[in-house]
Amino acid sequence: METKTNGSMDTKSSSVENGQLPDPSHWAVADVVNYFKATGFEEQANAFQDQEIDGKSLLLMTRNDVLTGLSIKLGPALKIYEYHVKPLQTQHLKSNAS
């Protein structure tokens, strides 16, 4: 990922780096929004903007936070958590453990 002049990361270029998910721990709110837009959740990405979810907040989110705290429909919320938030959290924990 490339760092932009505003300090945010370019998450649109690829959602997977070197076969691994990116580490969002340093993402700004705009990076989180761009990540979800790039993964096909354009409409739902605005919920992350509205709630000011940055990378560190994203890594702390529980399933319940995603399902109820973002005010998005249940179907997309489940997919966002299971296929994006949870794997990003798992990858972050693995990379920090090694």
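Which residues are buried in H1?

**Figure 1. Overview of the predicted model.**
This is a predicted model with five helices and zero strands. Along the sequence the pattern reads α-α-α-α-α. The chain has 98 residues, and 37% of them count as buried. Its exposed surface comes to about 5800 Å², with carbon and sulfur atoms supplying 47% of that area. Among contacts with a separation of 6 or more, 45% are between residues 24 or more positions apart.

**Figure 2. Helix H1 and what covers it.**
The buried residues in H1 are Val 29, Asp 31, Val 32, Val 33, Tyr 35 and Phe 36. Their cover includes H2, helix H3 (55–60) and H5. Just after H1 comes Gly 40, which takes a positive phi of about 100°.

**Figure 3. The largest nonpolar core.**
This core has 22 residues, and the members that touch the most other members are Phe 36, Phe 48 and Leu 58. At least two core residues come from each of helix H1 (29–38), helix H2 (42–50), helix H4 (63–69) and helix H5 (74–97). Leaving aside residues up to four places away in sequence, Leu 58 touches Pro 24, Trp 27, Val 32, Phe 36, Phe 48, Ile 53, Val 85, Leu 88 and Gln 89.

**Figure 4. Aromatic rings around Phe 36.**
A pair of aromatic rings is described by the distance of the centres and the angle of the planes. The structure holds three aromatic pairs. One of them joins Tyr 35 and Phe 36, with 5.1 Å from centre to centre and 85° between the planes, an edge-to-face arrangement. Both Tyr 35 and Phe 36 are buried. Why is the pair of Phe 36 and Phe 48 called stacked? Its ring centres are 4.4 Å apart and its planes meet at 10°, so the pair falls in the stacked class, for which the planes must be under 30 degrees apart. This pair links distant parts of the chain, since Phe 36 belongs to helix H1 and Phe 48 to helix H2, 12 residues apart. Phe 36 counts as buried because its relative accessibility is 0%. Phe 48 is also buried, with a relative accessible area of 0%. Through ring pairs, Trp 27, Tyr 35, Phe 36 and Phe 48 are linked into a cluster.

**Figure 5. Ala 45 in helix H2.**
Ala 45 lies in helix H2. Is Ala 45 buried or exposed? The relative accessible area of Ala 45 is 0%, so this residue is buried. Apart from residues up to four places away in sequence, Ala 45 touches Val 33, Phe 36 and Lys 37. Val 32 is 13 residues from Ala 45 along the chain, and the C-alpha atoms of these two residues are separated by 7.9 Å.

How many salt bridges are counted in the structure? The count comes to one salt bridge. The partners are Glu 82 and Lys 86, whose closest N and O atoms are 3.6 Å apart. They are four residues apart in helix H5, so about one helical turn separates them. An α-helix has 3.6 residues a turn, so residues three or four places apart point the same way. Glu 82 counts as partly exposed because its relative accessibility is 34%. Lys 86 is partly exposed as well, at a relative accessible area of 37%.

**Figure 6. His 84 in helix H5.**
His 84 lies in helix H5. With a relative accessibility of 12%, His 84 counts as buried, because the limit for this class is under 20%. Which residues does His 84 touch, not counting those up to four places away in sequence? They are Tyr 35, Phe 36, Thr 39, Phe 41 and Lys 79.

**Figure 7. Confidence along the chain.**
The average pLDDT of the chain is 86, and 81% of the residues score at least 70. Over residues 1–14 the pLDDT stays under 50. For this stretch the model has 23 contacts beyond four places in sequence. Where pLDDT is low, the predicted coordinates should not be read in detail.

Notes. Residues numbered from 1 in each chain as written. Predicted model: local features only at pLDDT ≥ 70, side-chain atom pairs only at ≥ 80, totals over all residues. Heavy atoms only, no water. Core = buried A, V, L, I, M, F, W, Y, C linked by side-chain atoms within 4.5 Å. Buried < 20%, exposed > 50% of the residue type's maximum accessible area, 1.4 Å probe, protein only. Contact = heavy atoms within 4.5 Å. Phe/Tyr/Trp six-rings, centres within 6.5 Å; stacked < 30°, edge-to-face > 60°. Salt bridge = Lys/Arg side-chain N within 4 Å of Asp/Glu carboxyl O. Areas by Shrake-Rupley, 256 points an atom, 1.4 Å probe, with all protein chains shown as cover. pLDDT = per-residue confidence, 0-100.
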